[in-house]
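Work through the exercises below with the sequence and the structure at hand. Each task is followed by a solution in steps.

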Amino acid sequence: MNQTFKLLPEEKLNYTLRAIYEESGYSRYRMNKFEEYDLYADHRDFLAADGVITFTDLSGKLMALKPDVTLSIVKNTRDLKGKTERLYYNENVYRAAKGRDTFREIPQTGLELLGCVTDETRQEVLNLALRTLSVIPKKSVLEISHLGILQDLLASLGVPESAEKELIGLIGGRNRHELEKRLEALEIGTEKRALFLEIVAFRAPAPEAAKELSSLFDGLASEEHLREFSALLTALPEEKAGEPEAYVDFSVVDDISYYDGVVFKGFLDGVPEPVLSGGAYDALMRKMGRTSSAIGFALYVNLLTDHNVFSETAEKVGGERRMLNVALPKGRLGEKVYQAFREAGFPCDEVLSDSRKLIFENPEAGVRYFWVKPSDVAIYVERGAADVGVAGKDILLEYAPDVFELLDLGLGKCRMCVAGKKDFADDTRKSLRVATKFGRIAADYYRSIGRDIDIIHLNGSIEIAPILGLSDVIVDIVETGTTLKENNLEVLEEIVPISARLIANKASYPFKAEQIAALTKRLSER
Ligand code: PRP
């Protein structure tokens, strides 16, 4: 019988990638669906998402459904003593999706090279990451950075080790304004600060970047790291039309307790999060008692099907001007924000019309605006429904969306405060009852001062809570102070100043970098 099966596009991709990896000398690694839970408890920060599904085995030992493959491979591979092992996998992992309460079974394909990581093997893995992207039918970009170089840079500026993680997080958020403030607080001089900000904002095609590295980091990073990174970038295949583009972008960061060399992320046009992620993870190897080196990457296959990458009707994008999708916060602040965008070269005056319409576009200016609830802007941007948006710092602190924070617009200024009755005296023998809409901000603040609290979540009119004895204090926004005054309350502590910030989706940025950078620049020059 001559029966043929039609493979689904994702199955075809899977076989294509297996063939590529096997031809390159990688052998398939198979494993159980579960591992001892301790492996994840010990390396919690390595995991891409919180939440692990656990169960006990017959002897009562706590087990987990694998949320990750790399940790299992390292755990199950002996120390290689000079040898090199090349492995690839095709496995399902189990993770809670961000912002959702449910777990998902996520197919992941990836590879790991363990043993001797040299210039050649590093190039081999990066080339395989590029080849992986190249077989996906979408425009793609690989963004590359080097955490060793960033750590050298921080050390050479005199940043204490304790502040490294926070600063690397701000670099990863393209958050120039907060970085500048932190560096100032660390007493780093004006000239050094300016140099640092220029370096971390650097983004250029890989071959161009390779040429500029040594002058950019002159004396600020170790020669070996610069040599290694430059050798890697120079060896990348020449760019061809239709092939993935490779860029150096220092906003690509990862956890420095695990990754300490080259790191990279792959993006597809129209997919709102990175589809590929990888890097050199010697620090993880050391933590797990291994003396050899390692580098690898994973492709999140579920994102390809979730975002219709294989569908033939998916938008094909040519050289025409791309629309910039902007989420504006409805209300008074939104109108001020629109005026600023208009002056920055993105006019669409229909936005201000007195109608119930929520979406407006001006194709000539290449812009599409949406009016959304202010507290929802960050969700639209994080999920890629909007490329950029304007959200209050209160919302960014509360929901911690994974977005770039490009600019402090200086609009909508207010303060996040603790407020209470005028005669309030804290009785530290009891836990403090705090009413708020901002549970995370309140919890973080009280944790930082070591005060035990009970949070009472309310959705509005928070000021009533202490008056009626529902809470001892509130954590809320204070703008003019009128609401507090009229309710006989007063500010007890100021937690953080708040203002509107320009945010951008991290996966839109590589495809609309020029428009977004021009918008940011013009808004900053207002
Ligand atoms: C905010 C905040 C305060 C008030 C502060 O409330 O929660 O109640 O503004 O402003 P003021 O210092 O100028 O008086 P919002 O208007 O957002 O309504 P809410 O009660 O629903 O939180």
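Predicted model: local features only at pLDDT ≥ 70, side-chain atom pairs only at ≥ 80, totals over all residues.

**Exercise 1: Buried or exposed?**

Task: Decide whether the residues of β16 are buried or exposed, and state which way they point.

Solution. 
Step 1. In a regular strand, side chains alternate between the two faces of the sheet.
Step 2. From β16, V388, V390 and G392 point one way, while G389 and A391 point the other way.
Step 3. Buried means under 20% relative accessible area, and 5 of the 5 residues in β16 (residues 388-392) are buried, so the strand is largely enclosed by the rest of the structure.

**Exercise 2: A charged patch**

Task: Locate K330 and K437, and state which surface patch they belong to.

Solution. 
Step 1. K330 sits in the loop between β13 (324-329) and α13 (332-343).
Step 2. K437 is in the loop between β19 (432-436) and α16 (439-448).
Step 3. K330 counts as partly exposed because its relative accessibility is 46%; K437, at 39%, also counts as partly exposed.
Step 4. K330 and K437 gather with R356 and K373 in a patch of positive charge on the surface.

How values were computed. Residues numbered from 1 in each chain as written. Heavy atoms only, no water. Patch = residues over 30% accessible without salt bridge, like charges linked within 9 Å, V, L, I, M, F, W, Y side chains within 5 Å. Areas by Shrake-Rupley, 256 points an atom, 1.4 Å probe, with all protein chains shown as cover. Salt bridge = Lys/Arg side-chain N within 4 Å of Asp/Glu carboxyl O. Lys, Arg positive; Asp, Glu negative; His and termini not counted. Charge placed at Lys NZ, Arg CZ, Asp CG, Glu CD. Helix = DSSP H or I, 4+ residues; strand = E, 2+ residues; numbered from the N terminus. Buried < 20%, exposed > 50% of the residue type's maximum accessible area, 1.4 Å probe, protein only.
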